[in-house]
Amino acid sequence: MSKKEEEYLKLMEDNQNRIYRIASIYCNNRQDIKDLSQEIAYQVWKSFDSFRAESEMSTWLYRIALNTAIQFLKREKRHLKPLSYQLYEFDTCSDEKSENKDLEIKQLMHAIQGLKELDKAIILLYLEEKSHSEIASILNLSITNVGTRIQRIKKKLKTTITDQKHGSR
């Protein structure tokens with residue numbers, strides 16, 4: 001195995017959960033999540049020689065993953081199915097607190113899926129605890145724009161989740 005292949009495999013191993021989360025935000029069913037994850041891995045491999053270390057490798061990976069996800073979504077848009085709450089599986093537990101947390105996570109994921117592509121990318125990076133400057137660098141936005149958008153996205157998510165709760169009663 002070549003050094004390049006070893007480095008690529010290590011990168012994929014270290015970032016498989018991150019790639020899965022990105023795919024989960026942009027896709028509605030397990031097969032699409034799997035397909036998008038594979039497409040991201042392929043695009044990273046295709047671009048692997050072009051990494052010039054001008055930014056962190058994680059920043060470079062995010063750019064590829066998010067651009068691939070947005071392009072995938074545009075290609076598949078006409079084939080989208082209704083959103084499913086079965087996107088994430090949680091351990092079933094009789095503990096009411098745990099069940100409430102699971103419901104809150106499902107509601108948040110559902111609300112995020114309703115956002116525009118760029119807003120999904122921003123909130124995903126924010127939830128990954130990236131700084132405003134890292135998000136700006138990854139998405140080629142100004143730091144001020146990132147901060148403003150995060151505040152607007154949070155407000156929209158809060159409204160959407162509140163509406164979901166009131167609609168489900």
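I153 touches L115, D119, I122 and I123, leaving aside residues up to four places away in sequence; touching, or contact, means heavy atoms within 4.5 Å. I153 sits in helix α7 (residues 143–167), where helices (H or I, at least four residues) are DSSP runs numbered from the N terminus. This is a predicted model, in which local features need pLDDT of at least 70, side-chain atom pairs count only at pLDDT 80 or more, and totals for chains, interfaces and linings use all residues. Residues are numbered from 1 along each chain as its sequence is written, and side-chain values use heavy atoms, with hydrogens and water left out.

**More on I153**
- I153 is buried, with a relative accessible area of 2%; buried means under 20% relative accessible area, exposed over 50%, and partly exposed in between (1.4 Å probe, protein chains only).

**The whole protein**
- You'll find seven helices and zero strands here, a strand being a DSSP run of E with at least two residues.
- Read from the N terminus, the elements go α-α-α-α-α-α-α.
- The protein has 169 residues, and 38% of them are buried.
- Take the contacts with a separation of 6 or more: 66% of them come from residues 24 or more positions apart.

**Helix α5**
- Helix α5 covers residues 117–127, and eight of its eleven residues are buried, so the rest of the structure largely encloses it.
- The buried ones are E117, D119, K120, A121, I122, I123, L124 and L125.
- After α5 comes E129, which has a positive phi, near 65°.

**Where α1 meets α5**
- Two packed helices are described by the angle between their axes and the distance between the axes.
- For α1 and α5, the axes come within 10 Å and cross at roughly 145°; axes are lines fitted to C-alpha atoms, for helices over the stretch in contact, with angles from 0 to 180 degrees between N-to-C directions.
- On the α1 side R21, I22, I25 and Y26 take part, and they meet E117, K120, A121 and L124 of α5.
- Sorted by class, this contact has five nonpolar, no polar and three charged residues (Ala, Val, Leu, Ile, Met, Phe, Trp, Tyr, Cys and Pro count as nonpolar, Asp, Glu, Lys and Arg as charged, and the others, Gly among them, as polar).

**Aromatic rings**
- A search of the whole structure turns up five aromatic pairs; rings of Phe, Tyr and Trp (its six-membered ring) pair if their centres lie within 6.5 Å, and planes under 30 degrees apart count as stacked, over 60 as edge-to-face and the rest as tilted.
- One of them joins Y8 and F48: the ring centres are 6.0 Å apart and the planes stand at 85°, so this pair is edge-to-face.
- Y8 belongs to helix α1 (residues 3–26) and F48 to the loop between α2 (30–47) and α3 (57–76), so the pair ties together parts 40 residues apart in sequence.
- Y8 counts as buried at 12% relative accessibility, and F48 is buried too, with a relative accessible area of 8%.
- F48 also pairs edge-to-face with W60, at 6.2 Å centre to centre and 65° between the planes.
- Ring pairs connect Y8, W45, F48, F51 and W60 into a cluster.
- K4 lies over the face of W45, 4.4 Å from the ring centre; a charge sits over a ring if NZ of Lys or CZ of Arg is within 6 Å of the ring centre and within 35 degrees of the ring normal.
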